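Please find below a colleague's note on the structure shown here. The points are numbered and may be read in order.

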Amino acid sequence: VIGPQNLYHGVESHGLLGSYFPPSYPAALGAFQQIDPMVFFFFHRRPFSGEFRIQWEGELEISREESYSFTLDSSGPATLSIDGDTVIENPGIPAGSAAPHASRTGEVRLETGLHPIQVTFQYKYGSPQIYLNWSSPYESPRPLPWSRLHPASPRPLSDTNNLPQTTD
């Protein structure tokens with residue numbers, strides 16, 4: 001008999017739910033979802049050939065009320081939203097740029113508790129990469145830790161409501 005102490009108990013999921021969309025979605029098939037521990041990627045192996053979009057969703061856990069600074073570095077257009085408000089809009093690098101990514105920062109005061117968070121990214125050209133960092137008055141800039149992130153519940157990808165739209 002296997003006792004309960006030998007089974008998974010109180011397993012928690014950390015990170016954000018990433019929804020990955022191929023070019024021309026929903027007409028093109030192949031979209032998938034996975035929980036990513038953090039938004040900190042240099043895509044050596046691209047999830048799709050050509051352009052693609054990713055939307056990460058979940059909740060950010062804040063243990064101390066204060067102002068937090070966020071930095072979003074990306075090669076393509078990207079946004080960071082917290083509590084439904086856009087904190088950062090990063091246009092990405094222009095076509096033909098030698099820069100690996102563009103960087104944008106934003107600051108927001110957050111109360112203790114859980115806050116809905118969403119990050120979107122669209123890859124068009126260059127090396128696909130996106131990095132989300134944060135800092136506070138008491139901490140230096142670093143990647144947003146997986147332990148502070150709680151993924152959204154998966155939903156069917158055939159439902160095109162609230163999915164990111166292609167930006168041209």
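What pLDDT does the chain average, and what share of the residues score at least 70?

1. Confidence. The model is a predicted one. Its chain has an average pLDDT of 88, and 89% of the residues reach a score of at least 70. The exception to be noted is the stretch of residues 159–168, over which pLDDT stays under 50. For that stretch the model has 18 contacts beyond four places in sequence. Where pLDDT is low, the predicted coordinates should not be read in detail.

2. Overall make-up. The chain contains 12 strands and zero helices. Of its 168 residues, 42% are buried. Among contacts with a separation of 6 or more, 71% link residues 24 or more positions apart. The accessible surface of the chain is about 9400 Å², and carbon and sulfur atoms account for 51% of that surface.

3. Strand S10 and its cover. Strand S10 spans residues 129–136, and eight of its eight residues are buried, so the strand is largely enclosed by the rest of the structure. The burial applies to both faces. On one side lie Gln129, Tyr131, Asn133 and Ser135, and on the other Ile130, Leu132, Trp134 and Ser136.

4. Partners of S10. Which strands pair with S10, and in what sense? Strand S5 (residues 66–74) pairs with S10 over six bridges in the antiparallel sense, and Phe70 stands opposite Trp134. Strand S3 (residues 40–42) also runs antiparallel to S10, with three bridges between them; here Phe40 has Tyr131 as its bridge partner. Strand S11 (residues 139–143) is joined to S10 by three bridges, again antiparallel. In that pairing Trp134 has Arg142 as its bridge partner. S10 and S11 make up a hairpin, with two residues between them.

5. Nonpolar core. The largest nonpolar core comprises 29 residues. Trp56, Leu60, Phe70, Leu80, Phe121 and Ile130 have the most contacts inside this core. Two or more residues each are given to the core by S1 (16–21), S4 (52–62), S5, S6 (78–82), S7 (85–90), S9 (113–123) and S10. S4 supplies the largest share, five residues. As general background, nonpolar side chains tend to be buried together in soluble globular proteins.

6. Leu60 and Leu149. Leaving aside neighbours within four places in sequence, Leu60 is in contact with several residues, including Phe70, Ile82, Leu110, Ile117, Trp134, Leu144 and Leu149. Leu149 lies in strand S12 (residues 149–151) and is buried, with a relative accessible area of 1%. Beyond residues up to four places away in sequence, Leu149 touches Ser13, His14, Gly15, Leu16, Pro37, Met38, Glu59, Leu60 and Leu144. The C-alpha atoms of Leu149 and Ile117 are separated by 8.8 Å, although these residues are 32 residues apart along the chain.

7. Ser81. Not counting residues up to four places away in sequence, Ser81 touches Thr86, Val87, Pro116, Ile117 and Gln118.

8. Aromatic pairs. The whole structure holds 13 aromatic pairs. One of these is the stacked pair of Phe41 and Trp56, with 5.8 Å centre to centre and 10 degrees between the planes. Because Phe41 lies in strand S3 and Trp56 in strand S4, this pair ties together parts that are 15 residues apart in sequence. Trp56 is buried, at a relative accessible area of 0%. Phe48 and Phe52 form a tilted pair, 6.5 Å centre to centre with 50 degrees between the planes, and both of these residues are buried.

9. Aromatic cluster. Which residues form one aromatic cluster with Phe41 and Trp56? The cluster also takes in Tyr20, Phe32, Phe43, Phe48, Phe52, Phe121 and Tyr123. Trp56 and Phe121 are also among the residues with the most contacts inside the largest nonpolar core.

How values were computed: Residues are numbered from 1 along each chain as its sequence is written. This is a predicted model: local features need pLDDT of at least 70, side-chain atom pairs count only at pLDDT 80 or more; totals for chains, interfaces and linings use all residues. Side-chain values use heavy atoms; hydrogens and water are left out. Buried means under 20% relative accessible area, exposed over 50%, partly exposed in between (1.4 Å probe, protein chains only). Helices (H or I, at least four residues) and strands (E, at least two) are DSSP runs, numbered from the N terminus. Two strands pair if DSSP finds at least two bridges between them. A nonpolar core is a set of buried Ala, Val, Leu, Ile, Met, Phe, Trp, Tyr and Cys residues joined through side-chain atoms within 4.5 Å. Contact means heavy atoms within 4.5 Å. Accessible areas come from the Shrake-Rupley method with a 1.4 Å probe; for residues, only the protein chains shown count as cover. pLDDT is the predictor's confidence in each residue, from 0 to 100. Rings of Phe, Tyr and Trp (its six-membered ring) pair if their centres lie within 6.5 Å; planes under 30 degrees apart count as stacked, over 60 as edge-to-face and the rest as tilted.
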